Amino acid sequence: MKTTEEIKKEFACASPGAYAELFETYQSDSRAGVQKLLEQYRKKEAALKKEYERIETMKQYEKEYAHMGYLCGIDEVGRGPLAGPVVACAVILPQDCDLLYLDDSKKLTAKKREELYDQILERAVSVGIGMAGPARIDEINILQATYEAMRMAVGRLKVQPQLLLNDAVTIPDVAIPQVPIIKGDAKSISIAAASIVAKVTRDRMMVEYDKVMPEYGFAANKGYGSAAHIAALKKYGSSPIHRATFIKNFV
C-alpha cells in the first residue's frame with residue numbers, strides 16, 4: 001500500500017484531467033490523510049472547472065467576431081497618476097487561446113500579473129506597446145495622449161488585425177473597425193490580456209524611476225497621488241517625470 005506522502009506526490013505530478021482516475025483509485029482508502037488529500041483535490045478540480053467556465057464567458061466577443069479574422073484587444077494604464085507615462089497595449093491572441101486567469105489587471109495580484117505577462121507574450125500572435133510621456137500629456141491633455149498611445153500600440157503590431165476590441169473608448173483616426181466594450185477588461189480575454197501587459201510594463205518603468213528618484217516612492221505608488229507622494233511633492237518639488245498639469249494644486 002502506498003503511503004499518504006506517495007499518493008500526495010502522485011496527485012502533485014498529475015494533470016487535472018487525471019484527477020478522476022486517482023479519485024476512483026483511492027476513494028476506498030479509509031486513512032484520514034488520504035481522504036483529506038482527496039477532498040483538497042476535489043475542491044481544486046471544482047475551482048478549475050469554475051475558472052474554465054469564467055474564461056469561456058470572457059470569450060463571448062472573441063467568438064462573436066471570430067469570422068472577421070485577427071481580433072486585437074486594446075487597453076491602457078496610467079491615465080490618473082501624477083507622474084509617469086500613460087501606457088497602451090494592443091494584443092492579438094490566437095483563436096484557440098486557452099490561457100486561464102485573464103482578468104482586469106486591477107483585480108490581480110502583482111505576482112499573478114507577472115506570471116500572466118510572460119504567458120501572454122509567449123502565446124500571443126502579436127503584441128504592440130505605445131506610450132505618451134508627461135510632456136506630451138501636458139501638451140495635448142491626457143485623453144488625446146491616451147488615444148495617441150493606443151494608435152502607437154496598434155501601429156507596432158507585426159500582424160494587421162481586422163477588428164479592435166477596446167476598453168470603453170473609440171479611438172479617433174484609426175481605419176480598422178472598432179468595438180468599444182464598457183468594462184471590457186473584465187469581459188474580453190483580449191482586452192484583459194492588453195490590460196495586464198500595459199500594467200506590468202508601466203509598473204516596471206516606475207520601479208526603475210524610483211531607483212534614480214527614490215524620494216517620491218514611485219516603486220510603491222506607481223506615480224499615483226498617495227499621501228506620501230503628495231507630501232514629497234510639497235517638500236522636494238516636481239521631478240522630470242511629473243505631469244505639470246496634474247500637480248498644480250500641490251506645487
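The model is predicted, with local features needing pLDDT of at least 70 and side-chain atom pairs pLDDT 80 or more, while totals for chains, interfaces and linings use all residues. Residues are numbered from 1 along each chain as its sequence is written, and side-chain values use heavy atoms, without hydrogens and water.

**Strand E1 and its partners**
- Because seven of the seven residues of E1 are buried, the strand is largely enclosed by the rest of the structure.
- E1 pairs with strand E4 (residues 163-167) in the parallel sense over four bridges; pairing requires at least two DSSP bridges.
- Leu165 in E4 is the bridge partner of Gly73.
- E1 and strand E2 (residues 86-92) run antiparallel and are joined by five bridges.
- Val87 in E2 is the bridge partner of Val77.

**Helices H1 and H3**
- The axes of H1 (residues 4-13) and H3 (residues 32-57), which are lines fitted to C-alpha atoms over the stretch in contact, come within 10 Å and cross at roughly 15°.
- That angle makes H1 roughly parallel to H3, a term for angles under 35 degrees.
- Thr4, Ile7, Lys8, Phe11 and Ala12 of H1 make the contact with Gly33, Val34, Leu37, Leu38 and Tyr41 of H3, where contact means heavy atoms within 4.5 Å.

Definitions and conventions
Axes fitted to C-alpha atoms, helices over the stretch in contact; angles between N-to-C directions. Helix = DSSP H or I, 4+ residues; strand = E, 2+ residues; numbered from the N terminus. Parallel < 35°, antiparallel > 145°, perpendicular 65-115°, else oblique. Buried < 20%, exposed > 50% of the residue type's maximum accessible area, 1.4 Å probe, protein only.
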